[in-house]
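Hi,

Here is the structure I promised to pass on. Have a look at it, and then read on for what I found.

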Amino acid sequence: MPAQGKHRRPKSTSLSRGLAAVTTGGAVLALPVIGATSAFAAPAPAAAPQAVAPASVSAQANLAAKAAPAQHSVVAGETLSKIAREHSVSGGWEKLYEGNRKIVGENPDLIHPGIKLVLGAKAAAPSDDKTAKASPSAARGASADRADRSERIEAAPVAKAAPAAEKEAATYTNDLDGWIKESLAVMAEQGIPGTYEGIHRNIMRESAGNPAAINNWDSNAVKGTPSKGLLQVIDPTFQAYHVPGTSTDSYDPVANITAACNYAADRYGSIDNVFGAY
């Protein structure tokens, strides 16, 4: 029996990458040899390019809406300055007024509730309140009111005052007192002098206060022009001194008094200066 020799365990040899020649019928093939102790991961597949999503329809609609001029319906208490500030109008109230001058009118401090203002493009928010421009009315105010003005609700435009009611027509009693007073009112409008006392005194002498009195016996009556009425005026005199606005009937008390006083003023200065036949 042959002697046993020491057998050395063969050392495993790492295979390194190389080329091994394999002979197959005389042909030499070069094959890659992969080391047994090394592992190589396969290259990761290239990531597919991500699709770029198109802008949403709603975003495009928002952009279009921002590009279009906006409108604002004015309510009571608003001013151009306040509207321009709240909507960040580029150019402030001056630009807002310039774009709406036809509808606002010549006074930028007076805007009527209900009108629609075109706001136009919005401006960036101001970094400092001090840069905000004041409205014409605010600029005229004291600087101490600046902080309060921005929050204060301004009074609504005051409607134009209705024309004063016409003075009610005075009413007069249908008697001697009322006739004299009404005649004095007409005389005052026409600039005819005379007083209540002077008129009353002459009436009592001429007709005793009877508006239908007539004199059919004196020289005027003989001529066909009898004296008539409260102050016994003949027709030619009545027609010559008739006061516009009164009756053309010489028996009418007010017409008779005013015509007689007009005649007396022309001849004697005033009915107050007459103390007898005139």
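The second largest pocket holds about 260 Å³ of space. A pocket here is worked out on a 1 Å grid over the protein atoms alone: it is an open set of points where a 1.4 Å probe fits, with protein on both sides within 12 Å along at least five of seven lines. Grid points are joined across faces, edges and corners, and the volume is the space filled by probe spheres set on the points. Its lining (residues with an atom within 4 Å of a point) includes Glu206, Asn220, Gln232, Tyr263 and Tyr278. By class, the lining has seven nonpolar, four polar and one charged residues. For that count, Ala, Val, Leu, Ile, Met, Phe, Trp, Tyr, Cys and Pro are nonpolar, Asp, Glu, Lys and Arg are charged, and the others, Gly among them, are polar.

Before going on, a word on the model: it is predicted, so local features need pLDDT of at least 70 and side-chain atom pairs count only at pLDDT 80 or more, while totals for chains, interfaces and linings use all residues. Residues are numbered from 1 along each chain as its sequence is written, and side-chain values use heavy atoms, with hydrogens and water left out.

(Helices, H or I with at least four residues, and strands, E with at least two, are DSSP runs numbered from the N terminus.) Phi of Gln232 is positive, about 50°, although the residue is not a glycine. Is Gln232 buried or exposed? At 13% relative accessibility, it counts as buried; the cut-offs are under 20% relative accessible area for buried, over 50% for exposed, and partly exposed in between, with a 1.4 Å probe and protein chains only.

Next, the inside of the protein. The largest nonpolar core has 24 residues, and Ile199, Ile203, Leu231, Ile257, Cys261 and Tyr278 have the most contacts inside it. Such a core is a set of buried Ala, Val, Leu, Ile, Met, Phe, Trp, Tyr and Cys residues joined through side-chain atoms within 4.5 Å. Helices H7 (176-190), H8 (196-206), H10 (235-241) and H11 (253-268) each supply at least two residues of this core. H11 gives the most, with seven residues. Another core lies apart from it, with 13 residues, including Val89, Tyr97, Val104 and Leu119.

Not counting residues up to four places away in sequence, it touches Leu176, Ile180, Ala208, Gly209, Leu230, Leu231 and Ile257; contact means heavy atoms within 4.5 Å.

Gly276 is in the segment after H11. With a relative accessible area of 26%, Gly276 is partly exposed.

Now to another stretch of the chain. His72 is in strand E3 (residues 70-73) and is buried, with a relative accessible area of 13%. Among the residues it touches, leaving out those up to four places away, are Glu78, His87, Lys116 and Leu117. From His72 to His87 is 15 residues in sequence and 9.2 Å in space, C-alpha to C-alpha.

Asn100 is in the loop between helix H3 (92-99) and H4. Asn100 is buried too, at 4% relative accessible area, and its contacts beyond four places in sequence are Lys116, Leu117 and Val118.

Two partly exposed residues are worth a look as well. His112, in the loop between helix H4 (101-104) and strand E4 (116-120), has 43% relative accessibility. Ser88, in the loop between helix H2 (80-86) and H3, has 25%. Ser88 also has a positive phi, near 50°.

Finally, the chain as a whole. How many helices and strands does it have? There are eleven helices and six strands. Of its 278 residues, 27% count as buried. Residues 24 or more positions apart account for 50% of the contacts with a separation of 6 or more. The accessible surface (Shrake-Rupley method, 1.4 Å probe) is about 19,600 Å², and 56% of that belongs to carbon and sulfur atoms.

Cheers
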